[in-house]
Amino acid sequence: MTAGAVFRDDVGELTALRDRLAYFPRDVWLYKLAAQWGRIAEERAYVGRAGDAGDEIGSRVVGARMVGNLMRLAMLIERRYAPYPKWFGTAFSRLVCAPQLSPILAEILAAPTWQDREAGLLRACQFMAELQIAKGVPGATAPVLGALHNRPFQFVDSLKIFASLRNAIEDEELRQLPEFGGADQFLSSNFVLAVPNFSQAAATALFDTKPRREAD
């Protein structure tokens with residue numbers, strides 16, 4: 001709807017609709033941005049924890065998933081819709097920040113050790129936090145290093161950034177919504193998959209294919 005080629009629109013209705021749907025409203029955008037930092041927070045130390053336990057494959061899998069989350073965060077910051085996986089990398093490569101961010105992400109994916117992987121993720125998260133500030137994102141805050149219970153794993157305190165973005169949301173009802181974000185963010189979230197009530201609710205909704213009755 002917003003990115004396809006339009007060769008003629010004599011009436012102007014399509015152009016008006018494309019303008020209206022160009023991107024999420026401000027507060028919805030901030031809500032999704034905060035939720036994406038929350039997604040990063042879910043596994044911020046897992047690359048190191050898996051690697052430290054001798055699970056190199058697990059560390060690589062988590063690292064690749066974090067790269068995907070960072071790419072989605074970059075698209076949110078630059079206010080671009082993320083397409084489905086076939087075109088996701090192509091859409092990301094067209095972002096203004098891609099020339100700077102792509103080499104860091106490539107290093108993470110090719111990192112020979114979990115320490116190198118963790119260092120790359122740290123640089124990438126710092127870059128994203130600073131990019132938000134440069135773009136003037138409401139609630140953007142400087143990156144701060146965090147730690148978990150004095151364990152030897154480093155990461156950017158993404159929960160602090162999450163909270164700052166949430167506080168910048170002006171709509172009170174939206175600000176009080178659960179932190180899961182949109183469907184593209186919560187369907188694979190650990191918060192949903194690891195909590196029986198949440199995963200049951202998601203599964204029930206997905207399998208409920210009966211037509212909904214219109215309200216009287």
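Guide: Lys 32 is buried, with a relative accessible area of 7%. Buried here means under 20% relative accessible area, exposed means over 50%, and partly exposed is what lies in between, using a 1.4 Å probe and counting protein chains only. The model is predicted: local features need a pLDDT of at least 70, side-chain atom pairs count only at pLDDT 80 or more, and totals for chains, interfaces and linings use all residues. Residues are numbered from 1 along each chain as its sequence is written, and side-chain values use heavy atoms, with hydrogens and water left out.

Lys 32 is part of helix 2. Helices are DSSP runs of H or I with at least four residues, strands are runs of E with at least two, and both are numbered from the N terminus. What does Lys 32 touch, leaving aside its neighbours within four places in sequence? Its contacts are Phe 24, Leu 76, Gly 182, Asp 184 and Gln 185. A contact means heavy atoms within 4.5 Å.

The structure holds five aromatic pairs. Rings of Phe, Tyr and Trp (its six-membered ring) pair if their centres lie within 6.5 Å; planes under 30 degrees apart count as stacked, over 60 as edge-to-face, and the rest as tilted. In one of the pairs, Tyr 23 and Phe 24 have ring centres 4.8 Å apart and planes at 65°, so this pair is edge-to-face. Phe 24 is partly exposed because its relative accessibility is 24%, while Tyr 23 is buried at 10%.

Tyr 23 has a ring partner in Tyr 81 as well: the centres are 5.0 Å apart and the planes meet at 45°, so this pair is tilted. Why does the pair tie together separate parts of the chain? Tyr 23 lies in the loop between helix 1 (13–20) and helix 2 (26–42), and Tyr 81 lies in the loop between helix 4 (56–77) and helix 5 (85–93), so the parts joined are 58 residues apart in sequence. Tyr 81 is partly exposed, with a relative accessible area of 32%. Taken together, Tyr 23, Phe 24 and Tyr 81 form a cluster linked by ring pairs.

The loop between helix 4 and helix 5 also holds Arg 79. The charged end of Arg 79 sits over the ring of Trp 29, 4.3 Å from the ring centre. For a charge to sit over a ring, NZ of Lys or CZ of Arg must be within 6 Å of the ring centre and within 35 degrees of the ring normal. Arg 79 is partly exposed, at 33% relative accessibility. Its backbone is worth a remark too. Most residues other than glycine have a negative phi. Arg 79 is not a glycine, yet it has a positive phi of about 55°. Another arginine, Arg 72, lies over the face of Phe 88, at 5.0 Å from the ring centre.

Now for the setting of this part. The protein has 12 helices and two strands, and from the N terminus on its elements run α-α-α-α-α-α-α-β-β-α-α-α-α-α. How many of the 216 residues are buried, as a percentage? Buried residues make up 38%. Among contacts between residues at least 6 apart in sequence, 60% join residues at least 24 apart. As for charge, the protein has 25 positive and 25 negative side chains, and the centres of the two sets lie 3 Å apart. In this count Lys and Arg are positive and Asp and Glu negative, with His and the chain ends not counted; each charge is placed at NZ of Lys, CZ of Arg, CG of Asp or CD of Glu.

Gly 139 lies in the loop between helix 7 (114–134) and strand 1 (145–146) and is partly exposed, at 24%. Leaving out residues up to four places away in sequence, Gly 139 touches Ser 164, Leu 165 and Ala 168. The C-alpha atoms of Gly 139 and Ala 168 are 5.1 Å apart, although 29 residues separate the two along the chain. Leu 159 belongs to helix 8 (residues 158–167) and is partly exposed, at 40%. With the same exclusion of residues up to four places away, Leu 159 touches Ala 41 and Arg 44.
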